[in-house]
Amino acid sequence: MAADTTLTALGRKSEPLAAGLPQTPQMLNHLAYVTPDAEKTVEFYTQVLGLEFVLAVIDDKVPSTGEPFPYFHIFFRLGDGSTIAFFEAPGLPPRAPTPHPAYEIFDHLALQVDSREAVDAWHARLTGLGLSVVGPVDHKIIYSVYFYDPINDIRLEITTPLAADWNDRGDAAQLALADWSETKRQAAASGADTQEALLALIASRDHGAKAQPTDEVL
Ligand SMILES: [Fe+2]
């Protein structure tokens with residue numbers, strides 16, 4: 001399937017979007033979460049994970065929107081210069097529980113190291129510190145351990161690529177997306193159960209197209 005260059009969600013019917021692109025984003029600058037405790041978060045990300053605490057910002061309102069939410073905003077730097085950030089804001093109620101446990105599994109943050117041995121070393125360190133660690137899991141294209149940031153209940157992954165092209169399989173990804181989207185459209189058009197139709201698609205890909213890399217990574 002050719003790449004779909006329309007943004008139907010924005011009401012742009014078939015206008016090509018590739019022309020006039022500014023520089024495409026080059027790296028992750030920061031990913032930000034709300035935290036209930038900045039001090040404990042600093043302790044975890046520096047002492048347990050070894051990241052550098054590189055920036056703190058305090059303000060009485062959100063600069064981008066002007067919302068009157070006072071906050072303390074902290075950043076931890078990874079090896080490539082990207083950062084993980086948190087906001088602590090006084091008076092926030094606890095985050096609402098997720099409506100299904102899958103959200104707590106699927107929403108996660110994966111951090112890369114250079115080798116399988118390094119992932120194994122993280123497994124030993126984290127379990128030695130008393131954290132509950134899942135894995136190591138060999139996904140064939142990446143190798144990972146999973147655990148939770150206990151302060152913020154964020155599922156974390158430490159991973160290393162096993163295949164040099166793990167993030168360069170766009171043609172297969174487009175085909176998978178076409179299958180997924182077309183299955184949903186056909187189910188909706190025929191009045192079939194969308195969930196059952198997608199489960200049938202997944203089963204057919206398991207049997208007929210094993211080792212699709214996009215099927216195997218979590
Ligand atoms: Fe992952």
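Reader: Which residue is the bridge partner of Val34 in β4?

Author: The bridge partner of Val34 in β4 is Phe87, and in β4 the partner of His30 is Thr83. Please keep in mind that this is a predicted model, in which local features need pLDDT of at least 70 and side-chain atom pairs count only at pLDDT 80 or more, whereas totals for chains, interfaces and linings use all residues. Residues are numbered from 1 along each chain as its sequence is written.

Reader: What makes β1 and β4 a pair of strands?

Author: Strands (E, at least two residues) and helices (H or I, at least four residues) are DSSP runs, numbered from the N terminus, and two strands pair if DSSP finds at least two bridges between them. Five bridges join β1 to β4 (residues 83-88), and the two run parallel, so they meet the definition of a pair.

Reader: How do β3 and β4 pair, parallel or antiparallel?

Author: β3 and β4 pair in the antiparallel sense over six bridges, with Phe72 standing opposite Glu88 in β4. These strands form a hairpin with five residues between them, and Gly81 in the turn has a positive phi of about 95°.

Reader: Why are β1 and β2 said to stand at the edges of their sheet?

Author: The open sheet has four strands in the order β1-β4-β3-β2, with mixed pairing. β1 (30-34) and β2 (52-59) each have a single partner strand, so one side of each is left without a neighbour in the sheet. On average, neighbouring strands of this sheet are turned by 20° against each other, direction ignored; the axes behind such angles are lines fitted to C-alpha atoms, for helices over the stretch in contact, and angles run from 0 to 180 degrees between N-to-C directions.

Reader: Which strands does helix α1 lie across?

Author: Helix α1 (residues 38-48) lies across β2, β3 (71-77) and β4, and runs at about 0° to β3. Contact here means that the C-beta atoms of two residues, placed from the backbone, lie within 7 Å.

Reader: What is the strand order in the open sheet that contains β5, and which strands stand at its edges?

Author: The order is β5-β8-β7-β6, again an open sheet of four strands with mixed pairing. β5 (108-112) and β6 (134-138) stand at the edges, because each has a single partner strand. Neighbouring strands are turned by 25° against each other on average, direction ignored. Within this sheet, eight bridges join β7 (residues 142-149) to β8 (residues 154-161), which run antiparallel, and Ile142 stands opposite Pro161 in β8.

Reader: Why is Arg125 called partly exposed?

Author: A residue is buried if 20 or more other C-beta atoms lie within 10 Å of its own, exposed if 12 or fewer, and partly exposed in between, with C-beta atoms placed from the backbone. Arg125 has 15 other C-beta atoms within 10 Å, and is therefore partly exposed. Arg125 is found in helix α3, and helix α3 (residues 116-128) lies across β6, β7 and β8 at about 25° to β7. From C-alpha to C-alpha, Arg125 is 8.7 Å from Val48, although the two are 77 residues apart in sequence.

Reader: How do you know that the span of α4 is close to the expected one?

Author: The expected span of a helix is 1.5 Å times one less than its number of residues. Helix α4 (residues 170-190) has 21 residues and reaches 30 Å from its first C-alpha to its last, close to the 30 Å expected. After α4 comes Gly191, whose phi is positive, near 80°.
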